[in-house]
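Subject: Structure handover

Hello,

Please find the structure below, with notes on what was found in it.

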Amino acid sequence: FPAGCTAVRGPLLHFIAEPGLNAPDPSAHEYHADGLLVVAEGRVLANGAAAELLPRLPAGTEVEQYPDSLIIPGMIDTHVHMPQLAVLASYGTQLLEWLETYTFPTEARFADAAWAADQSQLFLDLLLTHGTTSALVFSTSHKVAAEALFSAAEGYNMAITSGKVMMDCHAPDGVRDETEASYQESRELIERWHGQGRQRYAVTPRFAATSTAQQLTYAGQLLAEYPDVLMQTHWAENHAEIAWIKELFPERSSYLDVYDHFGLLGARSVLAHGIHIDDGDRARLAETGTRIAFCPTSNTFLGSGLFDLASARAADVEVGLATDVGGGTSLSMLATMAEAYKVCQLRGQSLNPFQAFYMATLGNARVLHQDDSTGNLAPGKYADFLILDRSASPALRLKHEPERALQAMLFDLMILGDDRAIRRTYIAGQCRYDRDSVKGAALN
Ligand code: GUN
Ligand code: ZN
């Protein structure tokens, strides 16, 4: 290994394939009880058994030691709203009333560039404290808010995919945009940010109810003009929402058919929720490669319903795991795995911990088409990784034994873990969060 490389040593886990929902395929993961991760110039050089790799380090290389921890790839969130931190824990409503009462008024503040910059920085710092190193993110309809998030993410060399929300009807003054300007500003943002460092653009119509047919046409046109950008929206989350879409688009055969009609389905499209759907929808998703972001803490908090994970996977629909803060209640992907497990329990389905950790890492990287550079610790990928503390809370300490079986260790972390379990977060080889020496006013 070259001079100037660095290394971390400890139990190391990552995935190279999908384990499956039921009996996990043991060849889907690689685990080294005494592992070593070697990093140079922001990228992974090697991962493997410490006994094999240590002798190859140049003399004097500093090796950080984490014997009682777990080294894993950074977690990825496939659906989260930067401007909704202040919406967390909003009482007593379901989707449509929640949007009117809490969410739209909160998002109106993001017309102010200084506020948008502050909140973007806070948002990224909070992702890091929760062990999330990359995300597909909703901004607001204000171009300045999208700019602010991309600028902050570039400062951390952090892979963020985001876009200006398109929303030209059925929303109040202050958060609506204008049909032509929305298209133009989306274009400008794509030209400025898509492929700039690790930043990527997602065309972002909020959902079919808040866009005119003309705006949805423009969204489809953007995807045709820029075939490698992503698309994100919301779909089939709540019964009242679905009934409203039926009224607004009576000529379309289903909610999914609205997006299909405007050319918004495809392998680069991520639809959040997809709870109240049928086999015809699943077949069309699979056929087009369209992905679903499963947002369990949001779906239970807003009383939206129980996503059917097993049916989606059985139909070969790609499914990512996501927090959906502020409809969701935590930025922690560990807390999100716990809620996903409970949703599966309520449906009589299983979600084993290998599959849950796969989904939060390599699976989500695949959903977002960024598994060439993130998702596991394969040589050449960005060194986005975490040091998890296996005894971060009294409950975790009770379960902790040095020789605990891997599956039990993962299940402990998934059910009992939260931001306290994130000891360190590295982005492209740089430690951007160290729980035990937190600095910076934003986080206190
Ligand atoms: N549908 C339209 N907008 C939103 C949003 O901000 N959050 C959620 N959960 N669903 C939506
Ligand atoms: Zn959402």
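The centres of domain 1 and domain 2, taken over C-alpha atoms, are separated by 29 Å. The domain assignment gives residues 6–74 + 376–438 to domain 1 and residues 75–367 to domain 2; such bounds come from an automatic or database domain assignment. To the contact, domain 1 brings 32 residues and domain 2 brings 33 residues, where two residues are in contact if their C-beta atoms, placed from the backbone, lie within 7 Å. On the side of domain 1 that touches domain 2, two or more residues each come from β1 (6–15), β5 (69–73), α15 (406–416), β16 (422–427) and β17. Helix α15 has the largest share of that side, with six residues. Helices (H or I, at least four residues) and strands (E, at least two) are DSSP runs, numbered from the N terminus. By class, that side of domain 1 has 18 nonpolar, nine polar and five charged residues. Here Ala, Val, Leu, Ile, Met, Phe, Trp, Tyr, Cys and Pro count as nonpolar, Asp, Glu, Lys and Arg as charged, and the others, Gly among them, as polar.

Before the rest, two notes on the source. This is a predicted model, in which local features need pLDDT of at least 70 and side-chain atom pairs count only at pLDDT 80 or more, while totals for chains, interfaces and linings use all residues. Residues are numbered from 1 along each chain as its sequence is written, and chains are lettered from A and ligands numbered from 1 in the order in which they are written.

The UniProt record (unreviewed entry) places the feature "domain: Amidohydrolase-related" at residues 71–430; its positions are given in the numbering used here, feature names are shortened, and annotations may be inferred rather than shown by experiment. Over residues 71–430 the chain is 44% helix and 17% strand, and 15 Å separate the end C-alpha atoms.

Next, the ligand. Around ligand 1 are H81, L95, L99, T103, R206, F207, H234, E237, S298, D324 and G327, a residue being near a molecule if its C-beta atom, placed from the backbone, lies within 6 Å of it. Helix α2 (residues 95–108) gives the most to this shell, three residues. The shell around ligand 1 divides into three nonpolar, five polar and three charged residues.

Helix α9 (residues 279–288) has D281, R282 and L285 buried. A residue is buried if 20 or more other C-beta atoms lie within 10 Å of its own, exposed if 12 or fewer, and partly exposed in between, with C-beta atoms placed from the backbone. After α9 comes G289, with a positive phi near 80°.

Two single residues remain. Y156 belongs to helix α4 (residues 143–156) and is partly exposed, because 19 other C-beta atoms lie within 10 Å. Apart from neighbours within four places in sequence, Y156 is in contact with L124, I427 and R432. Y156 and I427 are 271 residues apart along the chain, yet their C-alpha atoms are 7.4 Å apart.

R435 lies in the segment after β17 (430–434). R435 is partly exposed, with 16 other C-beta atoms within 10 Å. Not counting residues up to four places away in sequence, R435 touches I422, R423 and R424.

Regards
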